[in-house]
Amino acid sequence: NISTRAFLEYKIPMEIYEDPYFLTAEERDLIMSHQFNSDTLNLAKDIFTIHAFMGARVGDYYDLTKDNITTDGERTFIEFIADKTIENNPRTIRIPMRKEVRDIIDKYGYPQGYLFPHITRQDYNERLRQMIFECGITRKVSVLNKHTMKEEKKYLWEVFSSHNVRKTFIAAMKRKN
């Protein structure tokens, strides 16, 4: 019979969040309008465009299929229930589909039933950073070094990821109230 309570004094540290960084509407539009010299970057740009106009978590976004597209007769929507809330507070998220999104989805024709051709999330993140770099977006952002707990300045193209696309969407919505 073991009676040692080895973890009794162990404290779980509080989660530390840094200030969010995201693309401005002008930076987002610059990437969307840019014609890259690479098919892989143009595909990533299309994936980014849909993502930036939806704001979904990347896990939900990558699971969307043609079955997630609905219509009310006049307008078309992308509908889904977020995985993060499905067990405790399931709610249908209904996002109006912009023309740009519809055009991209039609361009690829639902590969394997999905809204866009899949690339790995790691490749998507790498291509996001490359697109920012190639578009000449050289803004620096403050990031927290989790090892030293000190602020560091990094170029946006060094640290941007698919999660920041969601933040870009949220910031755009906030600017529009």
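**Notebook: aromatic rings, a hairpin and a helix crossing**

I began with Y124, which has 0% relative accessibility and therefore counts as buried. I note at the outset that the model is predicted. I then looked up Y62, and at 5% relative accessibility this residue counts as buried, since the cut-off for buried is under 20%.

Next I asked how many aromatic pairs the structure holds. I found six aromatic pairs. One of them joins Y62 and Y124, with 6.2 Å centre to centre and 45 degrees between the planes, and I recorded this pair as tilted. Y62 belongs to helix 3 (residues 58-62) and Y124 to helix 5 (residues 121-134), so this pair ties together parts that are 62 residues apart in sequence. The planes of a stacked pair lie under 30 degrees apart.

I then looked for charges over ring faces. R98 lies over the face of F53, at 3.8 Å from the ring centre. K167 lies over the face of Y21, and here the distance to the ring centre is 5.7 Å.

My next entry concerns strand 5 (residues 150-155). How many of its six residues are buried? The count is zero, and I describe the strand as hardly covered. Strand 5 pairs with strand 4 (residues 140-145) in the antiparallel sense, over six bridges. Within this pairing I located V141 opposite K154 of strand 5. The hairpin of strand 4 and strand 5 has four residues between the strands, and in it M149 takes a positive phi near 60 degrees.

Last, I examined helix 2 (residues 39-52) and helix 7 (residues 162-175). Their axes come within 9 Å and cross at roughly 45 degrees. I therefore recorded helix 2 and helix 7 as oblique to each other. Which residues meet there? From helix 2 I listed F48, H51 and A52, and these meet S162, V165 and F169 of helix 7.

Key: Residues are numbered from 1 along each chain as its sequence is written. This is a predicted model: local features need pLDDT of at least 70, side-chain atom pairs count only at pLDDT 80 or more; totals for chains, interfaces and linings use all residues. Side-chain values use heavy atoms; hydrogens and water are left out. Rings of Phe, Tyr and Trp (its six-membered ring) pair if their centres lie within 6.5 Å; planes under 30 degrees apart count as stacked, over 60 as edge-to-face and the rest as tilted. Helices (H or I, at least four residues) and strands (E, at least two) are DSSP runs, numbered from the N terminus. Buried means under 20% relative accessible area, exposed over 50%, partly exposed in between (1.4 Å probe, protein chains only). A charge sits over a ring if NZ of Lys or CZ of Arg is within 6 Å of the ring centre and within 35 degrees of the ring normal. Two strands pair if DSSP finds at least two bridges between them. Axes are lines fitted to C-alpha atoms, for helices over the stretch in contact, and angles run from 0 to 180 degrees between N-to-C directions. Angles under 35 degrees count as roughly parallel, over 145 as roughly antiparallel, 65 to 115 as roughly perpendicular and the rest as oblique. Contact means heavy atoms within 4.5 Å.
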